[in-house]
Amino acid sequence: MRIGFYGAAGEVTGSRHLLEAEGLRILLDCGLFQGHRRDAIEKNRRTPFDPKAVDAVLLSHAHVDHCGSLPILVKGGFAGPVHCTEATADLTGLMLADSAHLQESDAQFFNKIHQRRGDAERIEPLYTQEDAKAAAARLRPHPYASWVALNERVRFRFLNAGHVLGSAMIEVEARTAKGVRRLLFTGDLGRRHTLLMDPPEPPRSVDWLLTESTYGGRSHEAIVDVEPIMKRVIDRACAEKGKVLIPSFALERTQEILFIFDKMMREGQIPRIPVYVDSPMAVSITEIFDRHLDSVSFSDEFKQYVAKEGDPFELKCVRYVRSVDESKSLNDLPGPMVILSASGMCEGGRILHHLRNNLDKETTTILIVGYQAEGTLGRRLEEGAEKVKIFGLEHRVWARVETVHTFSAHADRGDLLWFIGALEPRPRRIFLVHGEPSARAALAEGLKAAGIERVSAPAYAETVDLV
Ligand SMILES: [Zn+2]
């Protein structure tokens, strides 16, 4: 057996690893590289192995940095199945279509600007809606935990990863001349304690572990702290008839926040004020959540809540907004109200219009619920900027900005050390992927301190014989 690392090696996007086992070439994830335009385009266009020679893709979950390169693989001649869980199949179709739409509009905008300037620079979209559809047609959904044979000697199964709906760890088992060998790829790993998800359980007898290490050097705050902050924000909005704007990514965060509001409203902690989900993508994803409320991904606690209280995403006071006109009409409505809208870092989407119209009001609260990367509007607001630019125009910030760090779909340092430490017997070798160099180094150090050795941080395109 042999493994090659063709993405998420020393970085956190482009998850893609090629496993060779008993005559098969199996691609673990097929993610898109994200980052500065030129670097990302270059990396995404190049497939450093022959797509036609890949027998199957095993997909850990539906985030685009794990599945967003599938249309490129299919365009390159890959004609095999893409195995994934049932919820991941539903979500991936949607995520690929959205990604294609972004690629197309991005290329169009880029070309228009350069044409206007009279230069010849043009870019082609990485892939189109048609390409996304062709890739989605290869998805093969499977239930969790059931083994699927790839040939007579190699099989795999999906185990709950607790990261997002449908997310899975992938266990590949091969009957080699030396005996049965197992490789576990964590994909993205969830936290031990979250609002919705069931935590991942460390499986037994893993020979080789490929684990993510995104937060190998950081600890998250406890989940219990979130309700008092939400209560303070909503009480204030009610007292001042203000609007609460929540920039939120469409997958998971939006549904977690709806769940918190549903719970707090039912318990009478906060009044039932209108909550608008103003993002067509988030609306579609919430519909997929509704179809999979019994998924293995969800915690028992969440399932019991659903059994007792009903669908938490059908809050009586939630309005799902798809049309642009309805989105605009929210401007004229008085508070108190909550508006959840994408993008999560305020770099595009409808949230920009809500910010533009409400930043200058003292009664507005911007509630930051996700990581804000350097250089984004979300980060500037989080850092307390007094003035910001939106669509090239300057706006004074009179709104209050609050941050909740509790929501993270990723395991933190403590969670990762716990998970890896609980693998019995110890894996022969551990590969740290999906982490910046400093996070990988910090996790490797923590593992060493816990007496866990044979830990590697592979480089891009490095291949390793699994012996
Ligand atoms: Zn993910």
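**Close-up 1. Ile 170 and its bridge partner in strand 10.** In this predicted model, Ile 170 has Phe 185 of strand 10 as its bridge partner. Strand 9 (residues 168–176) pairs with strand 10 (residues 179–185) in the antiparallel sense over seven bridges, where pairing requires that DSSP finds at least two bridges between two strands, and strands are DSSP runs of E, at least two residues, numbered from the N terminus. A hairpin of two residues joins strand 9 to strand 10. Residues are numbered from 1 along each chain as its sequence is written. Because the model is predicted, local features need pLDDT of at least 70 and side-chain atom pairs count only at pLDDT 80 or more, whereas totals for chains, interfaces and linings use all residues.

**Close-up 2. Strand 10 beside strand 11.** Strand 10 and strand 11 (residues 208–212) run parallel and are joined by three bridges. Within strand 11, Trp 208 is the bridge partner of Leu 183.

**Close-up 3. The crossing of helix 13 and helix 14.** The axes of helix 13 (residues 413–421) and helix 14 (residues 437–449) come within 10 Å and cross at roughly 45 degrees, the axes being lines fitted to C-alpha atoms over the stretch in contact and the angles running from 0 to 180 degrees between N-to-C directions; helices are DSSP runs of H or I, at least four residues. The contact is made by Arg 413, Leu 416, Leu 417 and Ile 420 of helix 13 with Leu 443, Gly 446 and Leu 447 of helix 14, residues counting as in contact if their C-beta atoms, placed from the backbone, lie within 7 Å.

Technical notes:
Contact = placed C-beta atoms within 7 Å.
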